[in-house]
Amino acid sequence: MEAHGKNPIKNVVAVIPARYLSTRLEGKLLLPLNGKPLILHTLQQAKKASNVSRVIVATDDARILRVVEESGNEAVMTSTGHQSGSDRIAEVAKTLPEGTIVVNVQGDEPLVSPQTIEKAVDAILNDGSVDIATTCEKISDIKDVLSPNVVKVVSDENGNALYFSRSPIPFPRDAVSKYGDLESALNADEDLITKFRKHTGLYVYRREYLLEFTGFRQSEFEKIEMLEQLRALENGAKIRVVETEESSVGVDTQEDFSRIKEILEESKSQPEEVTFRIAKKDDIPEIARIHVESWQKSFPGIVPQGILDSMSIEKRTESLIELSSQKEYQTIVAQNSKGEIIGFADFGEARNKDFEFESELYAIYFLKEYQKRGIGSKLFRAVISEIKKGSDSMYLEVLEINPYKNFYDKMGGKFICESENKNEKYNCKTQFYGWKGLKNI
């Protein structure tokens, strides 16, 4: 099958279609959850996906537009005449560069997992023949198998969709014959339910295919099942279905909204555990990813865009491998409860001999979604604990335009001096902060 355009990883755009009107719960996207509108929770989750470079809310309502823009995020007005979310995101896709990967994130899923988005995006990036990637999850409730409101999907051995249906597919003929009907069969045979997969509403498109797809006429099976993904299948699209472990809950009713509210309250009262350890050699590629991603997501408009675009995980991995061979070089990583590295700090012997400091903190970075949680302070103290085993002073160098440099003031750093000349690469001066008497900290 023909691939519909080249899609560089740097240009992955999540578009969240956001209508105000809703049949069962009008204005649901603006309902307050933990002090902010529901749509902003969805937007925040989409921004956490490490391979998404931009998130846009596409709405037909000035109230949603205003809420999103006032939060400092990006939103655009789209036509009120669109019949589906795909049509709405296609309007936005027309304005995006050729080759863009477009992620359709449902606006009413405030708990959508960033990892789910990442897996779906990777599925289309890693196979040029795939037109659409989407997601599914295991079904554990018999009611979901039987419900026409829960869409089921079956895939081939390569993970490509064969069919989507509101009916129970695949249909276990022999088991139904044995037990009389499907519900009885599912109750009698606990293994039977493992054959079913629930299709979830996340889609990832190649921009060129999305524009082509939304131009197709409504297909026969689409009309029967009222599932627009069948239009793509009937027109020969290859749809890669990615199974995920993370479940999401859409908000269609007041009951759904109340359930989401309870989940958020529980998660708020149980903060995620973060631990710290000395890095291993196998951690280097992940540390490099965090370094590059932190720059590309935290510094747009602060440092020249050309510098951010030129950064790559591969180049940073190579430089970190070289650094790690130095005797005094060390790295501490922060990891979440799943064992995933979410930040790091590296340090070693002082490189600037003009200062009377024995050690140097080279860098401290976190994934953007883990910033402002107090984790940086704990990581900083972990670094101090290691450094003071061999020396009693430390300094660091920071760009004067770095918006996070006040963190070093809070951690007791004393301003030493500022460089006389601008750094040619960043077109700004650098500043130096220092700490003495580490053994007393």
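Start with the lining of the largest cavity: its residues divide into three nonpolar, nine polar and three charged. Here Ala, Val, Leu, Ile, Met, Phe, Trp, Tyr, Cys and Pro count as nonpolar, Asp, Glu, Lys and Arg as charged, and the others, Gly among them, as polar. You are looking at a predicted model, where local features need pLDDT of at least 70, side-chain atom pairs count only at pLDDT 80 or more, and totals for chains, interfaces and linings use all residues. Numbering runs from 1 along each chain as its sequence is written, and side-chain values use heavy atoms, without hydrogens and water.

Now select Glu109, Val112, Thr116, Thr200 and Ser248, the closest to the centre of the largest cavity among the 15 residues that line it. A cavity is a set of points on a 1 Å grid over the protein atoms alone where a 1.4 Å probe fits but cannot get out, and lining residues have an atom within 4 Å of a point. This one holds about 110 Å³, a volume being the space filled by probe spheres set on the points, with grid points joined across faces, edges and corners.

Next, colour β7 (132-138) and β10 (197-206), the elements that give two or more residues to this lining. The largest share, three residues, comes from β10. Strands are DSSP runs of E, at least two residues, and helices are runs of H or I, at least four, numbered from the N terminus.

Technical notes: On a 1 Å grid over the protein atoms alone, a cavity is a set of points where a 1.4 Å probe fits but cannot get out, and a pocket is an open set with protein on both sides within 12 Å along at least five of seven lines; lining residues have an atom within 4 Å of a point.
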